[in-house]
Amino acid sequence: MLYKHCEKYQIPHSKITKWIVAQDDDEAEYLYQMKNKCDQLGQPLYFLTSKQIAELEQNIKAKEVLVSPETGIIDSHSLMDQLEESFTENDGT
C-alpha cells in the first residue's frame with residue numbers, strides 16, 4: 001500500500017530487497033521466529049541455501065540468511081510533507 005501511495009504522490013522510493021543475516025544459533029532462531037510471524041501476516045520472506053549465499057556473496061559469513069524481497073527505502077521527509085498537506089487539506093488541525 002505504501003508503494004502505491006508513493007507512486008500516486010510521486011514520493012521518491014525504491015524496492016531494494018533486504019538480507020537479514022544470522023551469524024550464530026541464537027540469531028538463527030530469531031530469524032526462524034521472524035519468518036513464522038511474517039508467514040502468519042502474509043509477508044513473503046524466504047531463506048537462502050548455503051550454496052546460494054556462497055554464490056551471491058563470497059565475503060559474508062552467515063549461519064542463515066533470511067531475504068525480505070518487499071523491503072524498500074523511501075524519502076521519509078517527502079512522505080511526511082505529503083501526509084501533512086493531505087491532512088490540512090482535509091481540515092485537520
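**Entry 1: salt bridges**

I began with the charged pairs and found that the structure holds three salt bridges. I took a salt bridge to be a side-chain nitrogen of Lys or Arg within 4 Å of a carboxyl oxygen of Asp or Glu. The model is a predicted one, in which local features need pLDDT of at least 70 and side-chain atom pairs count only at pLDDT 80 or more, while totals for chains, interfaces and linings use all residues. Residues are numbered from 1 along each chain as its sequence is written, and side-chain values use heavy atoms, with hydrogens and water left out.

I looked up the pair Glu-70 and Lys-15, whose side chains meet in a salt bridge at 2.9 Å, N to O. Glu-70 sits in the loop between β4 (64–68) and β5 (72–74) and Lys-15 in strand β1 (residues 13–15), so this pair ties together parts 55 residues apart in sequence. Helices (H or I, at least four residues) and strands (E, at least two) are DSSP runs, numbered from the N terminus. I noted Glu-70 as partly exposed at 36% relative accessibility, and Lys-15 as partly exposed too, with a relative accessible area of 45%. For these classes, buried means under 20% relative accessible area, exposed over 50%, and partly exposed in between (1.4 Å probe, protein chains only).

I then turned to Asp-25 and Lys-63, whose side chains form a salt bridge at 3.0 Å, N to O. This pair links distant parts of the chain, with Asp-25 in helix α2 and Lys-63 in the loop between α3 (50–56) and β4, 38 residues apart. Lys-63 is partly exposed, its relative accessible area being 41%.

Because Asp-39 and Lys-35 are four residues apart in helix α2, about one helical turn separates them. Asp-39 is partly exposed at a relative accessible area of 40%, whereas Lys-35 counts as buried at 17% relative accessibility.

**Entry 2: surface patches**

I next examined the surface, where Asp-24, Asp-26, Glu-27 and Glu-29 gather in a patch of negative charge. Patches are made of residues with over 30% relative accessible area and no salt bridge; like charges are joined within 9 Å, and nonpolar side chains (Val, Leu, Ile, Met, Phe, Trp, Tyr) within 5 Å. Lys and Arg count as positive and Asp and Glu as negative, with His and the chain ends not counted. I located Asp-24 in the loop between β2 (18–22) and α2 (25–41); Asp-24 is partly exposed, with 35% relative accessible area.

I found a nonpolar patch on the surface formed by Trp-19, Val-21 and Leu-56, which together have about 250 Å² of accessible area. Trp-19 has its place in strand β2.

**Entry 3: a polar contact**

I checked Ser-68, which lies in strand β4 and counts as buried at 11% relative accessibility. A polar contact of 2.5 Å joins the side chains of Ser-68 and Thr-71. Such a contact is a pair of N or O atoms within 3.5 Å; within protein, one must be able to donate a hydrogen and the other to accept it, and residues adjacent in sequence count only if both atoms are side-chain atoms.

**Entry 4: Lys-4**

Last, I placed Lys-4 in helix α1 (residues 2–8). Lys-4 is exposed, with a relative accessible area of 64%. The C-alpha atoms of Lys-4 and Leu-31 are separated by 28 Å, the two residues being 27 residues apart along the chain.

Methods: Accessible areas come from the Shrake-Rupley method with a 1.4 Å probe; for residues, only the protein chains shown count as cover. The place of a charge is taken as NZ of Lys, CZ of Arg, CG of Asp or CD of Glu.
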